[in-house]
Amino acid sequence: MQFSKTEKSFTLLFSIIVIIELITSSISSLQTLHYAAKPLILVSLTLFFYKNGNHLNRKTWIIMLFALIFSLVGDVLLMFVDMSASFFLGGLVAFLLAHIMYILAFIEKRNRTHKPLSFIIILLIYASGLFYILKDGLGDMLIPVIVYIFIILTMAITASLRKNSVMTISYSLVLIGALFFVASDSLLALNKFYSPIPSSNISIMLTYALAQYCIVLGILKQIK
């Protein structure tokens, strides 16, 4: 996999930020640093994309920036879920908007001849099983979660539609990122609505950070 010097330098910096977030979120005495480290993940990605995405067409560049900004808002809101359930709903809406932006960005490079039926079937089976596990614990969040599941599945499907319309490295990174996003949100949902997951902060944040990183790098590696 080819990475430029700039991408290698950013990857190192990004890895350090993620490690700091994983450590500070796991140690209660470092919670103050956690409130700075978590948003810094998306801040760093947003600035990196802003600076290095000039070769993309203007529409894709703007849509991606909105996706990253909505994700940052979602991150901040989810840090305060213990204070009020409204913060979780707000975070859900922010990430819903982020996924819609990703859908719009991915579909710009869709291959109209590619029909990933088997991939769609696998996703639907997975989502159905996840929903079956979660449904009894959703309560008032039933409809919002159903809508969110539909949108994130659409995001993953549109990522797969880029096959053969962009370079393989761009396609692979974006698809891997989309699947990491599905994994991260699945862990988050299971932890909140079904049963607490040991060290959930690590597994959720690690898959989430990888998701955002892969999507950003993948889009940056597509030709205008």
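This is a predicted model: local features need pLDDT of at least 70, side-chain atom pairs count only at pLDDT 80 or more; totals for chains, interfaces and linings use all residues.

Select Thr60 to begin. Thr60 counts as buried because its relative accessibility is 0%; buried means under 20% relative accessible area, exposed means over 50%, and partly exposed lies in between, with a 1.4 Å probe and protein chains only. Thr60 belongs to helix α3, where helices are DSSP runs (H or I, at least four residues; strands are E, at least two), numbered from the N terminus.

Residues are numbered from 1 along each chain as its sequence is written, and side-chain values use heavy atoms, with hydrogens and water left out.

**Salt bridges**

How many salt bridges does the structure hold? There are 3 salt bridges, a salt bridge being a side-chain nitrogen of Lys or Arg within 4 Å of a carboxyl oxygen of Asp or Glu. In general, side chains of opposite charge can pair when their charged atoms come close.

Select Lys59 and Glu108. Their closest N and O atoms are 3.1 Å apart, and the two form a salt bridge. This pair links distant parts of the chain, since Lys59 is in helix α3 and Glu108 is in the loop between α4 and α5, 49 residues apart. Lys59 is partly exposed because its relative accessibility is 48%, and Glu108 is partly exposed at 33%.

Next, select Lys221 and Glu7, whose side chains meet in a salt bridge of 3.0 Å, N to O. Lys221 lies in the segment after α8 and Glu7 in helix α1 (residues 5–24), so this pair ties together parts that are 214 residues apart in sequence. Both Lys221 and Glu7 are buried.

Then select Asp136 and Lys135, which form a salt bridge with their closest N and O atoms 3.3 Å apart. Asp136 counts as exposed, with 69% relative accessibility, whereas Lys135 is partly exposed at 32%.

**The largest pocket**

The largest pocket has a volume of about 1,000 Å³. Of the 41 residues that line this pocket, those closest to its centre are Lys38, Leu78, Phe88, Leu188 and Ile204. The elements that give two or more residues to the lining are α2 (31–52), α3 (58–78), α4 (85–107), α5 (117–134), α6, α7 (168–193) and α8 (200–220). Which element gives the largest share of the lining? It is α7, with 10 residues.

The method is as follows. On a 1 Å grid over the protein atoms alone, a pocket is an open set of points with protein on both sides within 12 Å along at least five of seven lines, whereas a cavity is a set where a 1.4 Å probe fits but cannot get out; lining residues have an atom within 4 Å of a point. Grid points are joined across faces, edges and corners, and the volume is the space filled by probe spheres set on the points.

**The surface and the loops**

Select Leu142, Ile143, Ile146 and Val147. These residues form a nonpolar patch on the surface, with about 310 Å² of accessible area together. Patch residues have over 30% relative accessible area and no salt bridge; like charges are joined within 9 Å, and nonpolar side chains (Val, Leu, Ile, Met, Phe, Trp, Tyr) within 5 Å. Accessible areas come from the Shrake-Rupley method with a 1.4 Å probe, and for residues only the protein chains shown count as cover. Ile143 is in helix α6 (residues 142–160) and counts as exposed because its relative accessibility is 55%.

Most residues other than glycine have a negative phi. Asn164, in the loop between α6 and α7, has a positive phi near 70°. Ser199, in the loop between α7 and α8, also has a positive phi, near 55°. Asn164 is exposed at 66% relative accessible area, while Ser199 is partly exposed at 49%.
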